Amino acid sequence: MDNDLVQVLRSVFREELEPVKAELGTVNERLDRIETEQQTMKQDLQIMKQDQQTMRQDQQTMKQDLQTMKQDQQTMMQDQEQIKRAVLETNERLINVESLLENQHRIIELLSARSIEQEAKLKRII
């Protein structure tokens, strides 16, 4: 009878433990999925950290480019100011040259008139 009782108890335990085993299997599957999702989230977080680092580097590069552009703009403004001065100086020189040319033209006209007058006097004398 002991053997029969052991068999009955084993059978009862098996029947009672079967749903627990099934539930435990389901829990293990859920834990496996949670672990997989956690691993995926860790990978995603690592990717996000790398992306953030890349963005920081890009931002630093943009700051440097902006600084370079500001310096270039400052240089261009200085060059533009020098060009302005050169144009104004050239205009002043051109005005002076025009004035000299006008004076020379008047002198040439005066000399030309005198030359014609002297030729006329010479013709009268001869």
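Of the 126 residues in this protein, 0% count as buried, where buried means under 20% relative accessible area, exposed means over 50%, and partly exposed is anything in between (1.4 Å probe, protein chains only). Before going further, a word on what you're looking at: this is a predicted model, in which local features need pLDDT of at least 70 and side-chain atom pairs count only at pLDDT 80 or more, while totals for chains, interfaces and linings use all residues. Residues are numbered from 1 along each chain as its sequence is written, and side-chain values use heavy atoms, with hydrogens and water left out.

Let's start with the overall layout. The secondary structure comes to 1 helix and 0 strands; helices (H or I, at least four residues) and strands (E, at least two) are DSSP runs, numbered from the N terminus. That helix, α1, covers residues 2-125. Along its principal axes, the C-alpha trace spans about 180 × 20 × 10 Å.

Met62 is part of helix α1 and counts as exposed, at 59% relative accessibility.

Now for the surface. The protein exposes about 12,500 Å², with carbon and sulfur atoms supplying 56% of it; such areas come from the Shrake-Rupley method with a 1.4 Å probe, and for residues only the protein chains shown count as cover. Look at Leu5, Leu9, Phe13, Leu17 and Val20, which form a nonpolar patch with about 470 Å² of accessible area together. Patches are made of residues with over 30% relative accessible area and no salt bridge, joining like charges within 9 Å and nonpolar side chains (Val, Leu, Ile, Met, Phe, Trp, Tyr) within 5 Å. Phe13, one of the patch members, lies in helix α1 and is exposed at 51% relative accessibility.

On to the charged side chains. The structure holds 2 salt bridges, each being a side-chain nitrogen of Lys or Arg within 4 Å of a carboxyl oxygen of Asp or Glu. In one of them, Glu102 meets Arg106 at 4.0 Å, N to O. These two are 4 residues apart in helix α1, so about one helical turn separates them. Both ends are partly exposed: Glu102 has a relative accessible area of 48%, and Arg106 has 49%.

The other bridge joins Glu117 to Lys121, whose closest N and O atoms are 3.6 Å apart.
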